[in-house]
Amino acid sequence: MGSLFRSEEMALCQLFLQSEAAYACVSELGELGLVQFRDLNPDVNAFQRKFVNEVRRCDEMERKLRYLEKEIKKDGIPMLDTGESPEAPQPREMIDLEATFEKLENELREVNQNAEALKRNFLELTELKHILRKTQVFFDEMADNQNEDEQAQLLGEEGVRANQPGQNLKLGFVAGVISREKLPAFERMLWRACRGNVFLRQAMIESPLEDPTNGDQVYKSVFIIFFQGDQLKTRVKKICEGFRATLYPCPEAPADRREMAMGVMTRIEDLNTVLGQTQDHRHRVLVAAAKNLKNWFVKVRKIKAIYHTLNLFNLDVTQKCLIAECWVPLLDIETIQLALRRGTERSGSSVPPILNRMQTFENPPTYNRTNKFTKAFQALIDAYGVASYREMNPAPYTIITFPFLFAVMFGDLGHGAIMALFGLWMIRKEKGLAAQKTDNEIWNIFFGGRYIIFLMGVFSMYTGMIYNDIFSKSLNIFGSHWHVTYNKSTVWNNTYLQLSPATSDYEGTPYPFGMDPIWQVASSNKIVFQNAYKMKISIIFGVLHMIFGVIMSWHNHTYFRNRLSLIYEFIPQLIFLVLLFFYMVLLMFIKWNRYEATNKFPFTEACAPSILITFIDMVLFKESKAHDNCPVYMYWGQQFFQTVFVVVALGCIPVMLLGKPIKIMQARKLANVQPITGSSDAEVGALPNGGAGGHHDEEEMSEIFIHQGIHTIEYVLGSVSHTASYLRLWALSLAHAQLAEVLWNMVLALGLNKEGPIGGIFLTVVFAFWAILTVGILVLMEGLSAFLHTLRLHWVEFQSKFYLGQGYAFMPFSFDNIIENGGTATGETD
């Protein structure tokens, strides 16, 4: 349980493995996922490592599997996913896997090549069929309609003069098909290049034709070009070649065309049969591959990850033993040794592995053990910065404070219920949703934060009940504790009437839970009341949150035995914050407790002093002024205590600024140590691991003074700015409530005011529109805004008091992470 509040204790170990057992042992460690290996060959090129050939073989197998996967997806065949992760195969099984993949790839490529050739042949025969059919129509039309004027237009003046009277005109022609979008340009080119001495007829092919290379549907047109002479024939063919038009032989005699057409139809039918058989064979091959493709991917990626990891090891001088260095959690060393023992037994080796703990001065990696619930909260913290080794982890406290501060800004029972139900749905369906791998980044963010969303919704429902706010309306559960003593005409005619607690309108007892629903109709002073209420609780929550952050730094200093930071940083910081800002919080409670509208003078509402003015006067050592004969102070000796508090708080500033550097300087003088050579950690309070207490033993004194000055100024000024920053709780809460009220009054109220059957239809439409705006604006956009502001309050206002976040994450060699990340192994060498 301690690792929840601090990172795990880590140990640097040296691992000795026999070469024959290394593969099986690393495989067991990959299944365990608790070991981070270090690269012992940083200067060795990736292509000069021992197992580079095995990695290349795995890359080749992955390429073949990706080819199979692409073909399977192209045919829409579902891939079987049992959800189980097979163990990493033994090295000798790589040969069987390679042979299987090679056979499948060759068979599939051969089938694809045959299918492409058949489709190309089928396309040519289909185009020829359309050409023969359209050409017959062209010849029939020309035989019926051609006259001497058309011949003159076709052949030009020189061709007509060259023909002797009584001779028949002999024309040549070519026929083919061309892409429909190229036809206009093709026709213009023919006219210009042949100077109008050709005659073009074209007709569209109604149904699209399949391109055999990529399977796209292409629209084409049939054309026939008439010309006279070999010169024009050559020119026409070159133009057809340039436009990638396909020319087909077409007989001149009608009988020959009919005979060819019959032969084409017969060949098309035969091709259809062969194509069907080819597609069936391809489908059977892909269906058989789809059953095992997921498992094949897992096996190949595990083999590849093992060899990548083995490339990080060193060989001893005998070439029979592999040496590795790794970071491991101290509590899991026995578990790791058991895994190594299992790997040795699997490999049949008689030499047991050796795991020795090493002494090191390096900073260990940070490892926070998480589960599916705490993982999302830990991710919020790590997004700011990974905790320094053994530093206090804010994640367990964030589980409560994050959704609560969010709910203070988002407090609405209805909107919180929508968010909570969405989070609960994702939690209930998490197994099925997790199995549906998707690249949609937004959805992955929502699903990863499902527990955060659920808790934010639940806390928002709670604060919504405190605010008595549900879709900008109130619930009247216990009945109001206010009574209207005015008659009906007075209420209707005076819209600015205010309920005064000093009169008999108020029963004198508070509402049992949350706000009285009467404030929903108190349009005159509703915002004034909620402003004062939410502003003060924002400051109260903010100061308590910051004090809690400072107390967390005490846990860091005591754990690392950093006595100087404890005395000269924690204590003055806490005194400064408590005597100024927590005192302001106490004044709020004193004011709430002593001043009421029903009290007698001088503790009436009119005599209640302003907390903000009192605090400003206190800091400026200025005596507050009385008004209306009211007493200036809320309790006896207030001026004296306030002066003492400010003097002590200001006295903490030089202690924070100079205390620690002076003590470090004195320790160095006593030890007679030069500034660069360092001093003992016990003297200066530095950490042995360079963690959360700061490492000063090798710093110049000037740098220490500058660092401490920056830290002190940041804390003192930050205490003021951070306290004011918590006012965003009030501002966003007020804005959310007002936006919900505007949406109700300007949208849904329009439908509620309509009567009759038409009003019902209109209300349905308006309600749908209101629901879309509510979810889209008030839940999604306002929720995102409140989430980001809450994140800022934790990262800046809370964590800055104790959290450095200067560590680096523990990245264990884990098959689960490798498979989840698509085959990228920790520590891989490209």
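**Cores and a helix crossing**

In this predicted model, F576 touches F581, A649, C652, I653, Y715, V716 and S719, when residues up to four places away in sequence are not counted. F576 also belongs to the largest nonpolar core, a set of 69 residues, where F576 is listed together with I452, M456, L580, F581 and F787 as having the most contacts inside that core. Apart from this core lies another one, made up of 61 residues, and among them are L17, A290, I306 and L312.

From the cores we can turn to a pair of helices. Helix α19, which covers residues 611-619, and helix α20, which covers residues 638-671, have axes that come within 9 Å of each other and cross at roughly 60°. That angle makes α19 oblique to α20, and the crossing in which α19 passes α20 is right-handed. Where the two helices meet, α19 contributes T614, M618 and V619, while α20 contributes Q638, Q642 and V646. Sorted by class, the residues in this contact of α19 with α20 are three nonpolar and three polar, with no charged residues.

T374 is found in helix α10, which spans residues 374-384. Is T374 buried or exposed? Its relative accessibility is 12%, and because buried means under 20% relative accessible area, T374 counts as buried. Once its neighbours within four places in sequence are left aside, T374 is in contact with L4 and I399.

Technical notes:
Residues numbered from 1 in each chain as written. Predicted model: local features only at pLDDT ≥ 70, side-chain atom pairs only at ≥ 80, totals over all residues. Heavy atoms only, no water. Axes fitted to C-alpha atoms, helices over the stretch in contact; angles between N-to-C directions. Helix = DSSP H or I, 4+ residues; strand = E, 2+ residues; numbered from the N terminus. Parallel < 35°, antiparallel > 145°, perpendicular 65-115°, else oblique. Left-handed = near helix turned anticlockwise from the far one by under 90°. Contact = heavy atoms within 4.5 Å. Nonpolar A, V, L, I, M, F, W, Y, C, P; charged D, E, K, R; others polar. Buried < 20%, exposed > 50% of the residue type's maximum accessible area, 1.4 Å probe, protein only. Core = buried A, V, L, I, M, F, W, Y, C linked by side-chain atoms within 4.5 Å.
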